[in-house]
Amino acid sequence: MQNLKEFERPQSLDEAVEKISAKPGRRLLAGGTGLSITDSKTTIGLVDLKSVGLDYIEDDSDAIKIGATAVMRALEESSLLQNYAGGLLADVAAEVGTTPLRNMITAGGNITQLRVWSDLPAPLLALDAEILVTDQEGETTYPAQKFFHRHPSQLLDDTDIVTEIQLPRGIENYSSSYTKFVAVDDSYAVTSVSVVLDMEGDTVKDVRIGVGSASPSPARCPEAEEELVDAELNESLAEKVGEICRANVNTTDNVWGSGDYKSKLIEKLVKKNLLQAKTS
Amino acid sequence: MQIELEINGERDTYEVAPATRLIDLLRREGFQEVKKGCDEGHCGSCTVLLDGMPVLSCVMFAAQADDQSITTIEGIGTIDDPHILQREFVDKGAVQCGFCVPGMILSAKALLEENPSPEEDEIKRGLDGNYCRCTGYVKQIEAVQSAAKKMRGDA
Ligand SMILES: Cc1cc2nc3c(=O)[nH]c(=O)nc-3n(C[C@H](O)[C@H](O)[C@H](O)COP(=O)(O)OP(=O)(O)OC[C@H]3O[C@@H](n4cnc5c(N)ncnc54)[C@H](O)[C@@H]3O)c2cc1C
Ligand code: FES
Ligand code: FES
């Protein structure tokens, strides 16, 4: 960051919008865990979001609202999130990085920098979350499917501020199950699978499957989900659905695993998490 | 730019470039007990307490700490008057080369403040950000357990 000369500390969202739009070469700063070790010659100023008042997690009649600068530890410890859809997002946050990193990494920073190791996008896809973005023109709401369809940097301009993640009402009593498959406890996910499930007896009423880190963008498995709805969830169906999901996701190689290995993981983890969500 | 920090109880003003990371400011100002290991957020040797919470000083800008308090290992005890955790680490043989220990004890301190009677799993989780390449973590977990006991006053 040899050309970094300015450090702005806006005290409100309006001021942040103004500061980030004022000059080219300014970038938003949240936890800093990504930016502080990024070498960028084009960044001339940082706009720190710390004091703009986005570090909340609140219950609203139409959604649970997670402010963009809420850190992983706050998500992990939030009773609202622990009691929402089987606690999926609290469980996911608890497995991001290590204890000191969870005090630093923000929800907004984690979904904006859509890297293959970002843990929040896939479960947010499974929860049908919405992402709120503000710029000089005003606020735009993106369904997770759209926000994560391409790399957010292709969707967002440098001056767009992710302000909030909203979790919809109506699925709070669903159960869920999550696996972040890692080589060692605190390393990046080779592949993650999130399952969100609603059952009546043994019959599936609603289900969403989110696969993270296996492909450049997180994926849902719509064909697998269709196969499950109104069917009786048992071991053989879970296995079949795992195979469908495996065929659906275009996995890619990286240093943590080959595409082929990740495909096999998807098959096994989808099966396992479906059966686990059923009994949890 | 100028920032104000309270480091180990003493408030002062520091001149920093916006790109300066917290670890580099601290070491430049003589707080060399803050160790630089990996320099990219993996090993935990640069851990400090920021308003009481463990953070990694190598993956944040110094300016992000403005107006907050920082505790380093030297802020919790001295050679003559060590913190219970420091004493237990020595007594239990939890220190070999010692490079990881400043960060590890600070993580342990934050853990015990929140949870005075942690289970072994909770200790492992509280220290999960602090790599040790010498010991096998066994003695360090024992040291935290016995420090916890002493700090609670039941040993
Ligand atoms: C050692 C290490 C281990 C890690 N382990 C994991 C892991 O297990 N799982 C995982 O998911 N991630 C992990 N991470 C990656 C971490 O998630 C990213 O570094 C992080 O998501 C960045 O978040 P931040 O709040 O620190 O953002 P910053 O570093 O402040 O910003 C990152 C980027 O996002 C932009 N940005 C931030 N907030 C906003 C906003 N509100 N609106 C618009 N743009 C914004 C910034 O401009 C910048 O480009 C790890 C990182 C490190 C260093
Ligand atoms: S030096 Fe900061 S985590 Fe290794
Ligand atoms: S004692 Fe040497 S790294 Fe821990």
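Reply: Here's a walk around the ligand site, contact by contact. This is a predicted model, where local features need pLDDT of at least 70, side-chain atom pairs count only at pLDDT 80 or more, and totals for chains, interfaces and linings use all residues. Residues are numbered from 1 along each chain as its sequence is written, chains are lettered from A and ligands numbered from 1 in the order written, and side-chain values use heavy atoms, leaving out hydrogens and water.

Ligand 1 has 31 residues around it, and A:Leu28, A:Ala30, A:Thr33, A:Thr106 and A:Asp119 come nearest (being near takes a heavy atom within 4 Å). Residues from chains A and B surround ligand 1, so the two chains share the site. Sorted by type, the shell has 13 nonpolar, 13 polar and five charged residues; here Ala, Val, Leu, Ile, Met, Phe, Trp, Tyr, Cys and Pro count as nonpolar, Asp, Glu, Lys and Arg as charged, and the others, Gly among them, as polar.

Now for the oxygens of ligand 1. A backbone N or O atom of A:Leu28 sits 2.6 Å from an oxygen atom of the ligand, and a polar side-chain atom of A:Thr106 is likewise 2.6 Å from a ligand oxygen. For A:Lys180, a side-chain N or O atom lies 2.9 Å from an oxygen atom of ligand 1. On its own, ligand 1 has 970 Å² of accessible area, and the protein covers 95% of that (Shrake-Rupley method, 1.4 Å probe).

In chain A, β2 (26-29), α6 (107-112) and β8 (161-168) each supply at least two residues of the shell (DSSP runs numbered from the N terminus: helices are H or I with at least four residues, strands E with at least two).

Note on methods:
Polar contact = N/O pair within 3.5 Å; in protein donor to acceptor, adjacent residues only side chain to side chain.
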